[in-house]
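Subject: Handing over a structure, with notes on what was found

Dear colleague,

I am passing this structure on to you, and I would be glad if you kept it open while reading the notes below. They go through pockets, cavities, salt bridges and a pair of strands in turn.

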Amino acid sequence: MSESSLDQLYKPHLQTLMRRTEQSLAASGFDALVVHAGAPPTQFLDDQDYPYKVNPHFKAWVPIVDNPRCILVIKPGSRPKVLFHAPSDYWHKPATLPQAPWTAEVDLIALEEPSKATGHWAHLGRVAFIGADAVTTGTDPASINPPDLLTRLHYDRAVKTGYELECMRRASELGARGHRAALAAFRSGASEYEAHMRYLIASAQREEETPYNNLVAYNENAAVLHYRHLERAPLEAPRSFLIDAGAQYHGYASDITRTYAAFPGRFADLVDAVDTAQQALCDEIVAGRDYREVHLSAHRALGDAMQRVGLTKLPGQAALESGVTSVFFPHGIGHLLGLQVHDVGGVMADTSGHERQRPEGHPYLRLTRMLEPGVVVTVEPGIYLIDSLLAAAHADSRRAHIDWDVVDELKPFGGIRIEDNVVATAARPENMTRDAFARVD
């Protein structure tokens, strides 16, 4: 899709946001909404700021992700007003008013001093304020980040507009380019750090622009679910490579994980088995499907895969019921994805904030909702050899259902995770990740 085609999707996107916001404001007792983009905190005992991360409620409306202290004013029946922070500053490159086509749909106003912005909402009635910096002198505390309003906005955010879906497709393609570059680095003998850097170059991102810290793990490091350390030295004996890394486009995220074996053998067979199971699970992302059932389906599929390669001794359903699968697959099958990597509203049942309970024994599942057309989720089954979980299983009845010689054989490889970003539809799901890799390849 061309840039002009994406621009054409922006106006209906804005109309959808306005309709949702108008309904949520009315239900919450507010007349208007002010959203602060946010500002980076300053480091302790220093004059340098931490990296800036824009408020997701702000970037949902306008693709301004790199200019802090902007303010958005929403009044139902009026055009969105964007107060664009443009200070007089000779220390930094001054921000200039955007000229992109989307600016034709909003009132864009240069704002030199944010403290003087209050006149833009002083006569709009009861105003709600959203953002970490949304504290205004004299403002009713009940109007600052009001829970009822946030709950309604968060619930609606799960269903993406056409504009949002296209931004996420582009984020997926950037991520796929980075993944291909990182894999080439691994195969050439590069270190974790070097693979990470090649990812950033290929995906055209700085570290602070990625939606989350990249996870680039070789060998045993792949057993750490949120591994953040990057070894600088190349490995003498590379066995496995797990990379969990995403990208952003106009503030929308991709979240992609792949695992590779350095040579044939039981671990490579297990990677293939997880990949096959993962693709079957992606086919379950259809409207009307309970995502909790997708999670349980993942446990059954992984249980079958582990039994086939000799790691465990029970078929999938029995392995799930006995708790064996949770030894090797301790996290949820996925989460909502969009403006944030772990997007909000994952366990909500309705706009009032009632929750849909997680399955018993699965406390880390981030998403329990019924799937609807336009909802984007991750599907990320994994199998890991984690010392603490293995020790707990060895100390109880699960010990008899695990082949410990195979555990010892596989531990030097760390673990496996394969993750795609999938759009729920009324028919066949759209796998943004596989489509992006196909385009890149």
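The largest pocket is lined by 46 residues, and those nearest its centre are Y52, V65, D66, N67 and P68. The elements that give two or more residues to this lining are α2, β3 (81–85) and β8 (248–249), where helices (H or I, at least four residues) and strands (E, at least two) are DSSP runs, numbered from the N terminus. Please bear in mind that this is a predicted model, in which local features need pLDDT of at least 70 and side-chain atom pairs count only at pLDDT 80 or more, while totals for chains, interfaces and linings use all residues. Residues are numbered from 1 along each chain as its sequence is written, and side-chain values use heavy atoms, with hydrogens and water left out.

Pockets

The volume of the largest pocket is about 1400 Å³. A pocket here is an open set of points on a 1 Å grid over the protein atoms alone, with protein on both sides within 12 Å along at least five of seven lines, whereas a cavity is a set of points where a 1.4 Å probe fits but cannot get out; in either case, lining residues have an atom within 4 Å of a point. Grid points are joined across faces, edges and corners, and a volume is the space filled by probe spheres set on the points. By class, the lining of the largest pocket holds 23 nonpolar, twelve polar and eleven charged residues; in this division Ala, Val, Leu, Ile, Met, Phe, Trp, Tyr, Cys and Pro count as nonpolar, Asp, Glu, Lys and Arg as charged, and the others, Gly among them, as polar.

The second largest pocket contains about 460 Å³ of space. It is lined by 20 residues, and H226, H331, H342, R366 and E380 are the closest to its centre. Its lining is made up of six nonpolar, seven polar and seven charged residues.

Cavities

A search of the whole structure gives three cavities of 30 Å³ or more. The largest cavity, with a volume of about 190 Å³, has 15 lining residues, of which L17, H57, A60, W61 and L153 lie nearest its centre. At least two residues of that lining come from each of α1 (3–28), β1 (32–36), α2 (56–59) and α3 (147–156), and α1 gives the most, with three. Nine residues of this lining are nonpolar, two are polar and four are charged.

In the second largest cavity there is about 40 Å³ of space, and the residues that line it are F186, G189, A190, Y218, L235 and P238. Five of these count as nonpolar and one as polar, with no charged residues.

Salt bridges

Side chains of opposite charge can pair when their charged atoms come close. If a salt bridge is taken as a side-chain nitrogen of Lys or Arg within 4 Å of a carboxyl oxygen of Asp or Glu, the count comes to 25.

One of them joins the side chains of D420 and R258, at 2.8 Å from N to O. Because D420 belongs to strand β14 (residues 420–423) and R258 to strand β10 (residues 256–261), this pair ties together parts that are 162 residues apart in sequence. D420 counts as buried, at 0% relative accessibility, and R258 also counts as buried, at 8%; buried means under 20% relative accessible area, exposed over 50%, and partly exposed in between (1.4 Å probe, protein chains only).

Another salt bridge is formed by D275 and R434, at 2.9 Å from N to O. This pair links distant parts of the chain, with D275 in helix α6 (residues 266–282) and R434 in helix α12 (residues 432–440), 159 residues apart. D275 is partly exposed at 22% relative accessibility, and R434 is partly exposed at 23%.

R417 and E380 meet at 4.0 Å, N to O; R417 is in strand β13 (residues 415–417) and E380 in the loop between β11 (376–379) and β12 (382–384), 37 residues apart. Both residues are buried, and E380 is also among the residues closest to the centre of the second largest pocket. Elsewhere, E166, R169, R170 and E430 are linked in a network of salt bridges.

A pair of strands

Strands β1 and β5 pair in the parallel sense over four bridges, pairing being assigned if DSSP finds at least two bridges between two strands. V35 has I130 in β5 as its bridge partner. From strand β5 (residues 127–130), V127 and F129 point one way and A128 and I130 the other way, and all are buried.

With best wishes
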